[in-house]
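Please consult the sequence and the model while reading.

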Amino acid sequence: MNAMNAMENQSNGGRSGSAPRLRDPEITLAHGSGGKAMRNLIEDVFVGHFANPSLTPLEDQARFDLADLMQWGDRLAFTTDSYVIDPLFFPGGSIGSLAINGTVNDLAVSGATPLYLTCSVILEEGLPVETLRQVVQAMKVAANIAGVQIVTGDTKVVPRGAADKLFINTAGIGVMRRGVSPAASQLQPGDVVLVNGTLGDHGATILLARGELDLSTTVQSDCQSLNGLVNAILDICPQVRAMRDATRGGLATVLNEFATSSQVGIRIQEESLPIQTEVEGICELLGLDPLYLANEGKLVVIVPGADADRVLAAMQKHPVGHNSRVIGEVMESPRGTVLLKTTFGTERVVDLLVGDQLPRIC
Amino acid sequence: MKYVSEYRDPQKLKGVLQEINRLAATLTLRQDRSIKLMEICGGHTHAIFKYGLEDLLPSAIEMIHGPGCPVCIMPKGRLDDAITLAEHPDVIFTTFGDAMRVPGSNYSLLQAKARGADIRMVYSPLDALKIARDQPDRQVVFFAIGFETTAPSTALTVLQAEAEGMTNFSLFCNHVLVVPALEALLSNPDLQLDGFIGPGHVSMVIGTDPYRVIAERYHKPLVVSGFEPLDLLQSIWMVLQQLAEGRCAVENQYGRFVQPTGNVVGLDAMRRVFQVRSTFEWRGLGDIPQSGLQMRSAYAQFDAEVKFNLPHRQVADHKACACGEILKGVKKPWECKVFGTGCTPEHPIGACMVSSEGACAAYYKYGRLSSRVTQPAGEVKHSFNGSGISV
């Protein structure tokens with residue numbers, strides 16, 4: 001944790017005109033050595049973007065005033081996530097925007113207001129400094145949109161081959177609203193399942209962005225922060241039962257966790273599922289199921305049936321919720337199971353996957 | 001979605017179902033058991049479960065899920081060979097994704113990769129050829145699996161490698177043939193089958209003519225079908241109609257893609273590169289004569305079985321596994337002793353649980369609440385609860 005904070009101290013919380021400009025075109029092991037090269041890297045690339053004058057520069061850690069935190073609620077939420085995506089840049093986002101939005105969303109779905117994030121990076125020797133600048137710039141933009149501050153961090157450089165270009169870890173602290181406690185174990189029969197837009201966009205985008213398939217589409221990652229949308233929902237429905245951002249494993253995985261945790265059945269309607277035609281086409285071609293594809297800005301919300309209409313209306317009014325829909329309902333049985341009602345009126349189980357989805361060969 | 005939604009229209013579906021119900025009622029008056037139809041292709045099995053089609057069919061029609069998943073029928077011994085190749089220090093082993101998790105006698109390719117083997121997933125054999133081009137100092141082996149569907153692209157890749165004079169590319173050839181497998185099934189006295197839903201993709205390559213032996217020698221109707229729900233139901237209806245009229249013919253429901261003579265260019269490439277093996281072992285079914293392809297000696301420099309020293313061990317299937325009976329349609333997946341308990345998609349014992357296209361995996365994944373599964377025997381319900389789900 002100490003490196004970036006130490007630099008923040010010296011740079012006095014903002015990028016001064018005399019901050020040294022990093023001249024090296026590539027990251028070398030020297031940038032992780034703790035010496036001058038590292039100081040230049042941190043000051044030029046990180047502190048320049050993240051420095052936050054409102055936070056008094058301190059020692060090896062960020063410090064918070066409890067009284068300030070308590071204006072947001074009465075409990076802390078704390079989370080961490082590591083980002084190792086390949087490729088680093090993809091239509092609709094980058095590892096940088098992902099590293100902010102992913103952690104922001106993990107906080108938001110607890111009913112917390114995300115406030116402070118850390119940023120630790122592991123750099124592979126040889127990474128172009130310009131690439132790192134672009135990633136950090138994307139983090140800054142995403143943090144601004146989400147309204148969070150990056151308050152401390154760390155930089156390590158590993159020899160070529162010991163990591164793949166650039167890994168990021170962000171941890172985040174948020175404060176939970178009073179009286180709000182969504183949890184996977186609270187679903188009840190009669191509850192309704194909502195989602196804020198099309199499913200599988202991120203997963204399909206990444207699959208294509210890797211360039212192994214010679215397909216071109218206009219599909220973009222849905223990478224976005226959800227804290228604004230969650231706020232809009234909690235304002236009118238603090239009794240939300242459960243919320244999750246449907247990332248790895250997609251909608252199917254989240255619903256299975258809910259069903260198992262609450263020991264209820266969940267039935268979703270195939271015809272209500274919002275899936276882009278192009279994503280559906282990619283799935284048809286490769287034998288994948290969009291229900292299991294990753295999202296990076298999709299909120300699955302469970303609310304009591306009586307609140308469903310109001311919540312849906314509020315979601316649809318929000319910029320990241322225009323395409324929100326009711327997609328299913330919670331039932332008494334079969335316990336621990338997610339069912340899909342097909343457009344033909346038949347039903348099938350939507351199970352957990354064993355591992356990654358693998359394209360079928362024929 | 002264009003070319004897809006037309007074949008998923010619930011209204012049209014109702015019409016076909018009415019016809020199927022009518023024919024099934026007529027036919028069951030004539031015979032004292034249900035009408036048993038086999039879909040051969042794993043893609044069809046997958047579609048039947050994905051859309052819940054079995055639950056739409058009248059109870060008098062029973063779908064038997066045939067041996068058409070090329071990953072499932074790969075015997076353990078061949079997988080061990082593949083893993084041996086992959087673990088060779090000079091080799092980059094390339095494979096389609098769904099072969100990764102199939103267990104050999106000790107472990108899978110996925111586990112071999114974790115232990116350090118250089119295994120790369122590809123989407124086409126041409127991707128493997130590209131890797132070979134980019135890494136001239138490594139030997140690149142492509143794990144060629146699949147029915148006639150994938151064999152032409154493998155053959156064309158070999159011809160391309162030959163044209164480029166490449167010396168570091170080879171195939172581990174495990175291509176298999178549909179019709180000999182059907183003949184092996186039909187020669188089994190236990191088998192009760194009334195007709196076949198023929199594979200769509202395979203038929204795009206081989207055409208419909210090679211199936212005539214099924215109608216002429218074994219007197220079973222066969223309808224080549226597409227993969228959409230309406231395709232499958234229409235094909236079932238076409239088989240029933242043949243049965244009602246007392247006919248046995250090869251018919252083509254998938255005319256929008258399948259020609260009677262198949263894909264001439266693809267077949268020609270296959271003939272140039274491959275020849276039929278005298279016999280090939282199928283997981284669950286044993287040795288079937290003339291059912292696999294191997295590379296012609298003229299292409300020996302691209303044949304991994306010639307280039308590398310492989311163990312070629314025959315490994316017996318697990319004793320408790322009923323895959324053989326399931327593939328023949330004699331048993332249903334849930335009638336197997338280890339189904340859902342010892343054998344699950346996480347830890348598959350038998351061929352049919354391995355790939356998502358296998359009958360057992362499909363039942364486990366999609367069908368565990370199906371009335372067909374929960375009806376027959378009370379004890380079945382318990383063995384089904386591999387994932388702690390109470391039905």
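How far apart do the C-alpha centres of domain 1 of chain B and domain 2 of chain B lie? They lie 29 Å apart.

## Basis of the model

This is a predicted model, in which local features need pLDDT of at least 70, side-chain atom pairs count only at pLDDT 80 or more, and totals for chains, interfaces and linings use all residues. Residues are numbered from 1 along each chain as its sequence is written, while chains are lettered from A and ligands numbered from 1 in the order in which they are written.

## Domains of chain B

Domain 1 of chain B comprises 76-178 + 262-307, and domain 2 comprises 323-383; these bounds come from an automatic or database domain assignment. Contact joins 6 residues of domain 1 of chain B to 8 residues of domain 2 of chain B, where contact requires C-beta atoms, placed from the backbone, to lie within 7 Å.

## Strand β1 of chain B

Strands here are DSSP runs (E, at least two residues), numbered from the N terminus. Of the 7 residues in strand β1 (residues 35-41) of chain B, 6 are buried, that is, 20 or more other C-beta atoms lie within 10 Å of their own, with C-beta atoms placed from the backbone.

Two strands pair if DSSP finds at least two bridges between them. β1(B) pairs in the parallel sense with strand β2 (residues 61-68) of chain B over 6 bridges, and B:Ile35 has B:Ile61 as its bridge partner in β2(B). Strand β7 (residues 195-198) of chain B also runs parallel to β1(B), joined by 3 bridges; there, B:Phe196 is the bridge partner of B:Met38.

How values were computed. Contact = placed C-beta atoms within 7 Å. Buried ≥ 20, exposed ≤ 12 C-beta atoms within 10 Å, placed from the backbone. Helix = DSSP H or I, 4+ residues; strand = E, 2+ residues; numbered from the N terminus.
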